[in-house]
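Here are my notes on the model you sent. Please read them beside the sequence and the coordinates.

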Amino acid sequence: MSIARSLQISASGLTAERLRMDVISNNIANVNTTQTAAGTPYRRQHVIFAASEGGSDFPSALRSAAGMRSSEPNGGGVRVASVEADKGDFKRVKDPDSPTGYTLLPNIEPVMEMVDLITATRAYDAGVTAIGAAKQMQQKALEIGRG
Amino acid sequence: MLDRLLNTGTFQAAQGALDGLSARHAAIADNLANVNTPGYKRKEVPFEDTLARAVKDQTSQCTGAASGPVRPFTPCVTRDTDSQARADGNNVDIEAEMVRLADTSLRYETLTQYVGGFFSGLKAVINAK
């Protein structure tokens, strides 16, 4: 059932890109947040993707438990390995009212976030197209022997 | 009797090609899902040569047509490590993958039509219409 597997792989890509978009939205929303629970300004978050090589989903776990060798190449798809804080320096803005003379702002560049958002959207679109193609192929395969 | 009709080389070659194409589709879906994964190297499924060899082994010496059953073959997934990678080590080219995706679905649909036609022909003969 390779087509069902393609659907799962594409779905994992959509989930990952969606999470990336959520993190980017969070960064943009917090572009001026100077106070967090840690007392520092908000730190930019970024998502690290990793290719998932299988073994975690049910069919492959069952196969390995039963000692069976898969005829299909294992795994596939993408997973979010971690969401990490950007270690970059905070932005310093002059502020005469502050006792130190400046205010620290989050290390977020809105333009960079927008570019990342476009990249994520493009990858999401590509995944949707791949799902459409998989559905169409499956449909054609079901039409074999009809009529 | 049906075995003799269904185990022909051409029919099994078409079946093998459908398997190969759906494996290729899975590889393309994987490449597209990993377009933003650092260090990812694109997968490809070059099954044509393996399938051609499997078919050739069964080709009749006299007519050149595939006669016996084609040796079962499994499409293999390989990694493309030669293509130019981006700064993050990922070498997936989204445009090239979309072209391959379209190509794979078209080939798949062509083969489903062929296999479908094969069955309609068979049905017509059975019903003697």
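The points below cover confidence, fold, interface and core.

1. Basis. This is a predicted model, in which local features need pLDDT of at least 70, side-chain atom pairs count only at pLDDT 80 or more, and totals for chains, interfaces and linings use all residues. Residues are numbered from 1 along each chain as its sequence is written, while chains are lettered from A and ligands numbered from 1 in the order in which they are written.

2. Confidence. Chain A has a mean pLDDT of 87 (pLDDT is the predictor's confidence in each residue, from 0 to 100). In that chain, 86% of residues reach 70 or more. Among the elements of chain A, α3(A) has the highest mean, 94. The lowest, 70, belongs to helix α2 (residues 58–65) of chain A.

3. Fold of chain A. Chain A holds three helices and four strands. These are DSSP runs, numbered from the N terminus: helices are H or I with at least four residues, strands E with at least two. The order along the sequence is α-β-α-β-β-β-α. Of the contacts in chain A with a separation of 6 or more, 67% join residues 24 or more positions apart. A contact needs C-beta atoms, placed from the backbone, within 7 Å.

4. Burial. Of the 147 residues in chain A, 23% are buried. Buried means that 20 or more other C-beta atoms lie within 10 Å of the residue's own, with C-beta atoms placed from the backbone.

5. Interface. 33 residues of chain A touch 27 of chain B. On the chain A side, α1 (2–29), β1 (45–51) and α3 (110–142) each give two or more residues. The largest share, 13 residues, comes from α3(A). By class, that side has 15 nonpolar, 14 polar and four charged residues. Nonpolar here is Ala, Val, Leu, Ile, Met, Phe, Trp, Tyr, Cys and Pro; charged is Asp, Glu, Lys and Arg; the others, Gly among them, are polar.

6. Core. Which residues have the most contacts inside the largest nonpolar core? They are A:A130, B:I28, B:A29 and B:L32, in a core of 33 residues. Such a core is a set of buried Ala, Val, Leu, Ile, Met, Phe, Trp, Tyr and Cys residues joined through C-beta atoms within 7 Å. α2(B) supplies the largest share, ten residues. Beyond neighbours within four places in sequence, A:A130 contacts A:S10, B:I28, B:A29, B:L32 and B:L101.

7. Helix α2(B). In this helix, 19 of 25 residues are buried.

Notes. Two residues are in contact if their C-beta atoms, placed from the backbone, lie within 7 Å. A residue is buried if 20 or more other C-beta atoms lie within 10 Å of its own, exposed if 12 or fewer, and partly exposed in between; C-beta atoms are placed from the backbone.
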